[in-house]
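Subject: Structure handover

Hi,

Here is the structure for you to look through. Please open it next to this email; my notes follow below.

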Amino acid sequence: MQTRIIDGTGLARRVREEWRERAQALAGRGCRPGLAVVIVGDDPASRAYVRNKIRACAELGLHSEQVELPAEASEAELLARIAALNADPAIHGILVQLPLPKHIAAERVILAIAPEKDVDGFHPLNVGLLATGHPRFAPCTPAGVMLMLEREGIDPWAKHAVIVGASNIVGKPMALLLLSRGATVTLCNSKTRDLAAHTRAADILVAAVGRPKLVTGDMVKPGAVVIDVGINRLADGKLVGDVDTAAVMGVASHVTPVPGGVGPMTVTMLVVNTVLAAERACEAGRPKEPAT
Ligand code: NAD
């Protein structure tokens, strides 16, 4: 079988092009979408992610603000900055880069973000809306995977989707989104027994663990779609996913590369969610047509 390598970079570029027009239309109506990215401390990986997000905003003509706090900033200081962003009409999306320093409770910080500006989709209200089938913001990484499947013509309906990794930011929302599209979903975690028996049953296999080569060739059913969310930096500096990509070539029907697969789609969905937030805010703020 010929395995198709899904070009996430090219797809992300096309999606951004489409959304640039929507962003410009909003700006033309005096409602330029704005994103605030809050970063606490100077973790180099977090800084690189934030740079990518700010760059993507610039590409689409969005307003963006980078709010930087020192690693020793208190939780109260961070909450005060979030309160100010919640009240700022130029800001439609707020993202707090995770992980936060240990002395700050991420749950309290996420809870403080106005749900209508929570473009990461991590606020419990937005998690609940997603779980009940009425998503307001789907978390960016799983939303990017869903769009990738759609654009590749892969319909999850009645397929068996197996997700390895059950975190709040990737695995769990991935399961909910696939379920909402009619897939039968198996969600595996570190306690799962005989992981290979589960992965071999997958029509769509999503790996989101953070362990290089966790998914080997013999763990994949011939013809399966393999989505590699993992990002791991090896000792030699090379970036790899969770899937042994070379080993699944010729077995899987599709596979996403790392880098250049899910990563660019994640950043793109953040910008998409920000434009959506601005559209809703702009709509809500528009004077209503007088009744005739
Ligand atoms: P996490 O550490 O929060 O969660 C990992 C999950 O994997 C947990 O549910 C754990 O139970 C499970 N797990 C651990 N070992 C396992 C095993 N041997 N078998 C089965 N399950 C196991 O991680 P996360 O934040 O969900 O991120 C996962 C990976 O995805 C990381 O490599 C991260 O860098 C990457 N990531 C990539 C993107 C992107 O845009 N491409 C976005 C977010 C995260």
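The ligand sits in the largest pocket. A pocket here is an open set of points on a 1 Å grid over the protein atoms alone, where a 1.4 Å probe fits, with protein on both sides within 12 Å along at least five of seven lines. "Sits in" means that more than half of the molecule's atoms lie within 2 Å of the pocket's grid points.

Before you go on, note that this is a predicted model: local features need pLDDT of at least 70, side-chain atom pairs count only at pLDDT 80 or more, and totals for chains, interfaces and linings use all residues. Residues are numbered from 1 along each chain as its sequence is written, and side-chain values use heavy atoms, with hydrogens and water left out.

**Around the ligand**

The ligand is surrounded by 21 residues, each with a heavy atom within 4 Å of it. Ala166, Ser167, Val229, Ile231 and Thr266 are the closest. The shell holds eleven nonpolar residues, nine polar and one charged. In this count Ala, Val, Leu, Ile, Met, Phe, Trp, Tyr, Cys and Pro are nonpolar, Asp, Glu, Lys and Arg are charged, and the others, Gly among them, are polar. Helix α10 (residues 262-285) gives the most to the shell, with three residues. Helices (H or I, at least four residues) and strands (E, at least two) are DSSP runs, numbered from the N terminus.

Now the polar contacts (pairs of N or O atoms within 3.5 Å). A polar side-chain atom of Ser167 is 2.5 Å from a ligand oxygen. For Ala166, a backbone N or O atom lies 2.8 Å from an oxygen of the ligand. Arg211 has a side-chain N or O atom 3.3 Å from a ligand nitrogen. On its own the ligand has 860 Å² of accessible area, and the protein covers 72% of that (Shrake-Rupley method, 1.4 Å probe).

**Backbone points**

Two peptide bonds to check are cis, with omega near 0°: Leu98 to Pro99 and Val258 to Pro259. Pro99 is in the loop between β4 (93-96) and α4 (106-112). Pro259 is in the loop between β11 (254-255) and α10.

Best wishes

How values were computed
Polar contact = N/O pair within 3.5 Å; in protein donor to acceptor, adjacent residues only side chain to side chain. 1 Å grid on protein atoms, 1.4 Å probe; cavity = no way out; pocket = protein on both sides within 12 Å on 5 of 7 lines; lining within 4 Å.
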